[in-house]
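User: I am new to reading protein models. Please take me through this one.

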Amino acid sequence: YATFDQFENMDAPASCMACGWAEITVYQNLPPSSGTLSVSPLEGDALSTPFLLTATEWVDPPLPKDDYPLTYTYGYYTAAGETKYLKVNSAQASNTMLLPQGTTSERCPPQGSPGYSARCRFLRLLLDVADSLGAAGT
């Protein structure tokens with residue numbers, strides 16, 4: 001067995017004839033990044049308009065494609081900030097789905113102003129993209 005002092009003096013092999021050492025490089029698995037989520041159409045009726053959610057340009061460095069395929073988890077946030085999932089670990093980057101009613105927002109025109117609608121709601125969507133080793137990016 002080798003003591004710490006013997007390891008400190010590894011430049012002098014005679015200091016420990018039974019000692020050895022190895023050096024390895026460990027790479028961190030980085031999550032997918034640099035992508036976007038697009039939604040079409042941008043407006044519609046809750047639970048009746050089909051919305052196309054598309055994840056584009058997501059990459060998982062470093063290449064080559066050791067960490068592929070990627071999977072996509074789609075969801076939204078409730079008014080209370082809770083996460084609700086619509087589709088989990090989908091192999092498809094594009095999915096058509098019905099979305100629930102959103103919440104009122106300061107982005108809606110105020111009552112009495114041009115463009116006001118009592119139906120105006122916003123829904124904050126969520127996309128998690130994961131590689132085959134489980135690293136996920138949002």
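User: Which backbone nitrogen lies 3.0 Å from a polar atom of the side chain of Ser-90?
Analyst: This is a predicted model, in which local features need pLDDT of at least 70, side-chain atom pairs count only at pLDDT 80 or more, and totals for chains, interfaces and linings use all residues. Residues are numbered from 1 along each chain as its sequence is written, and side-chain values use heavy atoms, leaving out hydrogens and water. A polar atom of the Ser-90 side chain sits 3.0 Å from a backbone nitrogen, and that nitrogen belongs to Gln-92.

User: With which side chain does the side chain of Ser-90 make a polar contact?
Analyst: A polar contact is a pair of N or O atoms within 3.5 Å; within protein, one must be able to donate a hydrogen and the other to accept it, and residues adjacent in sequence count only if both atoms are side-chain atoms. For Ser-90 the distance is 3.4 Å, and the partner is the side chain of Asn-95.

User: Is Ser-90 buried or exposed?
Analyst: Buried means under 20% relative accessible area, exposed over 50%, partly exposed in between (1.4 Å probe, protein chains only). Ser-90 has 9% relative accessibility, so Ser-90 counts as buried.

User: Which residues is Ser-90 in contact with, leaving aside its neighbours within four places in sequence?
Analyst: Contact means heavy atoms within 4.5 Å. With those neighbours set aside, the list for Ser-90 is Leu-70, Thr-71, Tyr-72 and Asn-95.

User: In which strand is Ser-90 found?
Analyst: Strands (E, at least two residues) and helices (H or I, at least four) are DSSP runs, numbered from the N terminus. The protein chain has 1 helix and 7 strands. Ser-90 belongs to the one covering residues 83-90, strand β4.
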